[in-house]
Amino acid sequence: MSKAGTESVKARAGRWREARARRRACRRPGPPGPYTLLPWLLLGLGAFSNLWQGETPNPWIGGLGLLTFNSLYVSVVFRGFDERTRESATSYRLLAAMAAITFALAIGYGGSWLLFFPLLSLACGTILRGRRLAIGLITLSVAAVVVSVWRGDHASEPWTIGYGTFLSGAVTAALLTLSETVMELRATRQELARGAVERERLRFSRDLHDLLGHTMSVIVVKSEAARRLAPHDLDAALSQVADIESVGRQALTEIREAVTGYREGSLATELDRAGSALTAAGIEPVVRRTGPPLTPQTEALLGWVAREAVTNAVRHSGATRCEFVVDSTPERVRLTVTDDGRGPDPDGAARAAGAVRPVGGTGLKGLTERLAVAGGRLEAGPGPRGGFVVRAELPVAAPDEDEGAGAEGAGDEDRKPAPGR
């Protein structure tokens with residue numbers, strides 16, 4: 001065989017071994033099936049031997065009873081492994097018929113026919129659960145001992161028949177219950193895994209929407225500003241182009257952080273960027289901050305709100321002024337973003353009512369979900385004096401000492417962010 005042919009065979013063998021290893025890793029032991037209980041019918045071989053050797057009086061009655069018992073046993077066992085049929089009235093009727101035949105054969109023939117009691121107990125273990133199972137097994141075990149003592153013709157002691165009867169049903173029920181619990185836990189684990197995947201997918205799509213929506217809006221606005229300024233002021237146009245480059249580089253960094261799930265925004269940083277984007281769009285930004293410093297988690301959430309509000313203002317508002325008000329107390333913090341643009345309610349119905357109501361934008365829906373997880377809320381809608389209002393409110397966790405030391409400069413502030421980045 002040529003060298004190429006040998007390598008091809010080795011490659012195919014390697015792929016086959018890898019596939020077999022994956023199948024072996026994915027293989028899981030399943031619950032026992034009804035076929036695992038069918039070999040126990042061999043306990044009836046002693047009764048069958050008596051019939052075959054003619055040691056049983058009225059052999060036709062005994063043979064018919066043996067056939068009927070085995071048929072009922074198979075039917076009950078198969079129904080016991082189906083949750084829909086296990087609790088049905090038909091299953092209990094079949095079990096009662098098995099009990100009647102068992103008592104009739106054991107009382108009438110004794111000897112090896114007494115072993116039908118453990119078989120009946122096995123069938124009870126597949127159908128009965130809880131209190132019914134306990135009462136049934138105790139009653140059946142006592143009855144087996146009483147019949148065995150009354151007959152007195154079995155090779156084993158009467159208590160052995162009773163003990164075997166109780167143990168057969170108890171072990172069967174315990175194994176089946178354990179198997180069902182394991183299968184439920186396995187299904188729950190798979191459902192939790194699917195839920196984790198869905199949550200991560202939602203997080204990534206939400207982050208990507210917020211990041212790219214804001215970034216693209218800023219790039220478009222600054223590109224338009226550079227185009228307007230280029231014929232008259234080349235230096236100012238080049239400054240806008242430099243801002244576009246900076247925004248693009250920052251967007252790449254943020255997208256990488258969003259992909260890995262480690263992006264943590266900052267409200268102060270987002271407000272500075274908001275000033276640059278709004279100024280380039282011809283909107284005057286105003287920021288007011290009061291209250292103690294915020295934790296990084298709260299800063300990150302409010303930074304997302306500020307970013308989305310700026311994106312909407314640049315895209316849709318047609319405003320000339322956009323105001324950011326951060327008002328925090330030791331318990332709660334509120335960020336209110338107000339612009340004087342057109343807003344989404346030209347008829348003024350909501351404005352006349354003086355209410356701020358939720359709206360249905362994709363970004364605002366994502367922010368509402370983010371804040372709800374953190375125990376906060378988000379409202380957005382037309383303002384009472386026109387324009388559009390976005391209001392976010394969050395509980396404030398106690399900041400660590402090192403965080404408080406690093407934020408000594410926070411306090412009352414009324415400023416306009418610089419247009420540069």
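Colleague: Which residue forms a salt bridge with arginine 334?
Modeller: A salt bridge here is a side-chain nitrogen of Lys or Arg within 4 Å of a carboxyl oxygen of Asp or Glu. For arginine 334, the closest N and O atoms of the pair are 3.5 Å apart. The pair links distant parts of the chain, 59 residues apart, with arginine 334 in strand β3 and its partner in strand β5. That partner is glutamate 393.

Colleague: Before we go on, what kind of model is this?
Modeller: This is a predicted model, where local features need pLDDT of at least 70, side-chain atom pairs count only at pLDDT 80 or more, and totals for chains, interfaces and linings use all residues. Residues are numbered from 1 along each chain as its sequence is written, and side-chain values use heavy atoms, with hydrogens and water left out. In short, the model is predicted.

Colleague: Is glutamate 393 buried or exposed?
Modeller: Buried means under 20% relative accessible area, exposed over 50%, and partly exposed in between, with a 1.4 Å probe and protein chains only. Glutamate 393 has a relative accessible area of 12%. By that rule, glutamate 393 is buried.

Colleague: Why does the pair of glutamate 393 and arginine 332 tie together parts of the chain?
Modeller: These two form a salt bridge, with the closest N and O atoms 2.8 Å apart. Glutamate 393 lies in strand β5 (residues 388–395) and arginine 332 in strand β3 (residues 332–339), so the parts tied together are apart in sequence by 61 residues.

Colleague: How many helices does the protein chain have?
Modeller: Helices (H or I, at least four residues) and strands (E, at least two) are DSSP runs, numbered from the N terminus. The protein chain has six strands. Its helices come to 14.

Colleague: How far apart are the end C-alpha atoms of helix α10?
Modeller: The expected span is 1.5 Å times one less than the number of residues. Helix α10 (residues 267–280) has 14 residues, so it should span 20 Å. The model agrees, with the end C-alpha atoms apart by 20 Å.
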